[in-house]
Structures are given as structure tokens and as C-alpha cells.
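This briefing is meant for someone meeting the structure for the first time.

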Amino acid sequence: MEDATLLRARERGVELGAPTVGTATGSLLQVVAGALQARAVVEIGTGSGVVSLWLLRGMAPDGVLTTIDPDVAHHRAAKTAFAEEGVEPHRTRTISRPATDVLPRLADAAYDLVVVTAEPHTLAAYVDAAVRLLRPGGVLAMVDSLLAGRVVDPTWRDHETAAVRRVLWALREDARLAPAMVPVGDGVLLAVRRHDA
């Protein structure tokens with residue numbers, strides 16, 4: 001069950017037209033952040049801050065979440081959620097610019113977890129950058145990676161579905177990663193950066 005803070009953040013997302021993950025997906029992301037005791041996390045696609053809240057709840061108490069979204073209204077909504085949650089300001093860094101501009105400026109191998117909640121047509125560029133950012137043992141999480149079942153249904157051949165399939169195939173073949181699809185929500189692709197890669 002989601003608490004009042006998460007529910008209000010979700011409602012703001014609906015108002016903004018920024019749909020977000022369900023409770024099961026959020027809980028999984030919290031567990032991953034907690035298992036890593038993540039201190040440095042990047043989120044691509046802030047929305048109204050729902051995923052951000054789940055991540056912050058799992059991260060180490062001194063962890064910093066960098067969340068990137070070009071829409072200033074999304075960051076305003078997320079900051080409201082952070083304030084309601086009582087998150088200390090130094091634990092979040094919101095960057096209101098396109099991720100394609102921001103990701104090249106972030107340090108290589110410096111992050112424990114990178115979460116991608118972006119549009120299908122942007123995934124390839126973001127995922128490639130995310131792998132570069134991960135430390136050995138760090139995790140890439142790509143949410144909604146099954147597109148409501150379209151990715152595994154061969155009758156779907158539209159551009160969005162094909163783009164996600166290409167990204168998933170590339171991750172599977174990437175020698176730097178050990179990936180797995182978790183059938184939670186609309187699918188969460190988790191990939192660990194190998195220590196020997």
C-alpha cells in the first residue's frame with residue numbers, strides 16, 4: 001500500500017500528465033537501492049517524484065539522488081513530494097535539462113544505481129550512457145520495459161516497440177552486464193555492471 005505522500009505525488013503526476021510506476025515496481029526499486037546501500041543514484045525522468053521517493057527510501061541515509069527531467073513543472077512537483085517526505089535538501093539534486101545534455105557531464109563509474117523511466121525513442125542513448133556511469137557491481141534499472149506486453153508479442157511492430165526490443169537485445173549481448181527481466185508491473189529490466197568488465 002502507498003502512503004499519503006506517495007498518493008499525493010501520484011495525483012500530481014496525473015494532473016501533469018506524467019504517469020508513473022505502480023506500487024510493486026516502486027517497492028522493487030526501493031529494495032534494489034537498499035540492497036546496494038546506494039549512495040549515488042541517477043534517475044532519468046523525474047515525473048512527479050514517485051520513483052524518486054521509492055529510491056530515497058531505499059538509499060543509504062547519506063545517499064544523494066540526482067534526478068534529471070527537462071520539464072520544470074515535474075521538478076516543482078517532485079520537490080513538493082520531497083518536502084512532504086521530510087527529505088533533507090542536500091540529498092536531492094534536480095537538473096531541469098535534457099538528459100542527453102546532462103549525462104555526458106556525469107562522472108564515469110561513480111554511481112551505484114541508474115534508473116531509466118524515459119520514452120522508448122530515447123532509451124538507446126540513455127541506456128548507453130547509464131552503463132558508463134555505473135561502478136562495478138552497480139545496477140541499471142529500466143522500468144516499463146515490456147510496454148504493456150507489446151515487447152514480447154511479435155505482432156507488435158511499431159517504432160516504439162521495435163526501439164525497446166533493440167535496447168533489450170543490446171543489453172543482453174553487452175559483455176559488461178548481467179541482465180534479467182523482472183515481471184513486476186510493466187516489466188523492470190535489471191542489469192548489473194560486471195566487476196571484470
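In this predicted model, the count of salt bridges comes to 13. One of them joins Asp 3 to Arg 57, whose closest N and O atoms are 2.8 Å apart, and Asp 3, Arg 57 and Glu 85 are linked in a network of salt bridges.

**Salt bridges**

- Another salt bridge is formed by Asp 62 with Arg 39, where the closest N and O atoms lie 3.1 Å apart.
- Asp 62 is found in the loop between α3 and β2, and Arg 39 in the loop between α2 (23–36) and β1, so this pair ties together parts that are 23 residues apart in sequence.
- Asp 62 counts as partly exposed at 47% relative accessibility, and Arg 39 counts as partly exposed at 45%.
- Arg 172 forms a salt bridge with Glu 173, with the closest N and O atoms 3.6 Å apart, and Arg 172 counts as exposed because its relative accessibility is 51%, where the cut-off for exposed is over 50%.

**Helix α3 and its packing against α4**

- Helix α3 (residues 50–58) packs against helix α4 (residues 72–85) at an angle of about 35°, their axes being 10 Å apart, and the crossing of the two is right-handed.
- On the α3 side the contact is made by Ser 52, Leu 53, Leu 56 and Arg 57, and on the α4 side by Ala 81, Phe 82 and Glu 85.
- Sorted by class, this contact of α3 with α4 has four nonpolar residues, one polar residue and two charged residues.
- Helix α3 is mostly covered, with eight of its nine residues buried, including Val 50, Trp 54 and Gly 58.

**Nonpolar cores**

- The largest nonpolar core has 32 residues, among which Val 42, Leu 103 and Val 114 touch the most other members.
- Elements that give two or more residues to this core include β1 (40–44), β4 (111–116) and α7 (159–173), while α6 gives the most, with seven residues.
- Leaving aside neighbours within four places in sequence, Val 114 is in contact with Val 42, Ile 44, Ala 130, Leu 133, Leu 134, Val 139, Leu 140 and Ala 141.
- A second, separate core of 29 residues includes Val 21, Leu 29, Leu 56 and Leu 113.

**Two single residues**

- His 75 has its place in helix α4 and counts as buried, because its relative accessibility is 2% and the cut-off for buried is under 20%.
- Not counting residues up to four places away in sequence, His 75 touches Thr 46, Thr 67, Ile 68, Asp 69, Thr 94, Ile 95 and Ser 96.
- Val 64 is placed in strand β2 (residues 64–68) and counts as partly exposed at 29% relative accessibility.
- Apart from neighbours within four places in sequence, Val 64 is in contact with Arg 39, Ala 40, Val 41, Met 59, His 90 and Arg 91.
- Val 64 and Thr 155 are 91 residues apart in sequence, and in space they are 42 Å apart, C-alpha to C-alpha.

Note on methods: Residues numbered from 1 in each chain as written. Predicted model: local features only at pLDDT ≥ 70, side-chain atom pairs only at ≥ 80, totals over all residues. Heavy atoms only, no water. Helix = DSSP H or I, 4+ residues; strand = E, 2+ residues; numbered from the N terminus. Buried < 20%, exposed > 50% of the residue type's maximum accessible area, 1.4 Å probe, protein only. Contact = heavy atoms within 4.5 Å. Axes fitted to C-alpha atoms, helices over the stretch in contact; angles between N-to-C directions. Left-handed = near helix turned anticlockwise from the far one by under 90°. Nonpolar A, V, L, I, M, F, W, Y, C, P; charged D, E, K, R; others polar. Core = buried A, V, L, I, M, F, W, Y, C linked by side-chain atoms within 4.5 Å. Salt bridge = Lys/Arg side-chain N within 4 Å of Asp/Glu carboxyl O.
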